[in-house]
Amino acid sequence: MNIADAERYLERNGETLLAGGSSGAKVYDIAGKYVFKRVRRMELKNDELYVSYRREALWYESTMGKGTGFCLPFLPEILDVRYTDEEIAILMKRYRTVPRENIDEELLEKIMKALAAVHTAKIPGFLEKGQQDNPDPHLFSDEEIQTFLSGWRSVLAEHPGVFDEAPLAGIAENINNIILWAAKESKVLSHGDFHWDNLLLDEQGNLLICDWQGVSVGAASGDLSFLFSRLGADGIHLDEKQAVHFYAQEIKRISGKTLDGEEIFRYMDAADVLTSFVFWHEYLHGNDVERVRGIYGKMTGKSVLTKTTLGDKIFFEKQTVYKNA
């Protein structure tokens, strides 16, 4: 089975759409056995999205051939990849999704082991080159910061009298300080969009990770914090200390490197603030108060970088998040 076979199948049998979000990517079922993702440039909102899907195609392509130096048990089986300046197509084996109600210690350990395998994997050349081209962290302009601030204020305004907006000013004032401090974290292969819906199970119960548009050279804390943040927003709260223990244990087993758990959490705190302040306001309009509370509370109630720093140490302050509990 290759992409040409998948296209013929769709012509003969009609298109059964498994997913087709506002981003423009369309995902089809092929005979109940395969998944066919197709992205057309003309159907996307902007070229940045196309670049991200092309990065995913390059990533999958780099892991397919023998002798590439990659042996990645956390990847789905990719049968074919095709990309041009106008269209991207990826054909992969179809797998089971992971039910959220099945979260237990065994599954949590499995997820952390898979993520540790990602973060210790070899970084492909095309990502290494991108890192060399952009060695410095991106700092936000005053105009960008005001855009994030206005976005959050408009979200909170949908729930009048519930949230205290005051902590937002502290985040806005210190967002670039957080970026500079977080940039000191060691860089690894990062998934970039590590959340529950991108987890799959094969026939043997092994955990696989899909949707690699965000793959990059980045910080481990970003993947960790994003997983917990997304689940927390949905009212699902994992034992983060247990999860980080499993993660550090697996990093030690794979690489021999011993991680400082407290340092991991400090970087996760910074990642929570950055991701939430910069991106989450775009997705929370129209959401109920509890979902907004889940994101806003984690961003402002747990950790905000203050001006007080000492060397490489970072100090966080608690803040009042809600006017009405």
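Author: Two strands pair if DSSP finds at least two bridges between them. The model discussed here is predicted.

Reader: Which residue stands opposite Val35 in E3?

Author: Strand E2 (residues 26-30) and E3 pair in the antiparallel sense, over 5 bridges. Within this pairing of E2 and E3, the residue opposite Val35 is Asp29.

Reader: Which residue in the hairpin of E2 and E3 takes a positive phi?

Author: The hairpin of E2 and E3 has 3 residues between the strands. The residue with a positive phi, near 60 degrees, is Ala31.

Reader: Which residue in E5 is the bridge partner of Val39?

Author: E3 also pairs with strand E5 (residues 87-93), in the antiparallel sense and over 7 bridges. Val39 has its bridge partner in E5, and that partner is Ile88.

Reader: Is Lys37 buried or exposed?

Author: Lys37 lies in strand E3 (residues 34-40). Of the 7 residues of E3, 5 are buried, so the strand is largely enclosed by the rest of the structure. The cut-off for buried is under 20% relative accessible area. Because its relative accessibility is 11%, Lys37 counts as buried.

Reader: With which side chain does the side chain of Lys37 make a polar contact?

Author: Not counting residues up to four places away in sequence, Lys37 touches Lys26, Val27, Tyr53, Glu56, Ile88, Ala89, Ile90, Asp211 and Gln213. Ile88, one of these residues, is also the bridge partner of Val39. The side chain of Lys37 makes a polar contact, at 3.2 Å, with the side chain of Asp211.

Terms used
Residues are numbered from 1 along each chain as its sequence is written. This is a predicted model: local features need pLDDT of at least 70, side-chain atom pairs count only at pLDDT 80 or more; totals for chains, interfaces and linings use all residues. Side-chain values use heavy atoms; hydrogens and water are left out. Helices (H or I, at least four residues) and strands (E, at least two) are DSSP runs, numbered from the N terminus. Buried means under 20% relative accessible area, exposed over 50%, partly exposed in between (1.4 Å probe, protein chains only). A polar contact is a pair of N or O atoms within 3.5 Å; within protein, one must be able to donate a hydrogen and the other to accept it, and residues adjacent in sequence count only if both atoms are side-chain atoms. Contact means heavy atoms within 4.5 Å.
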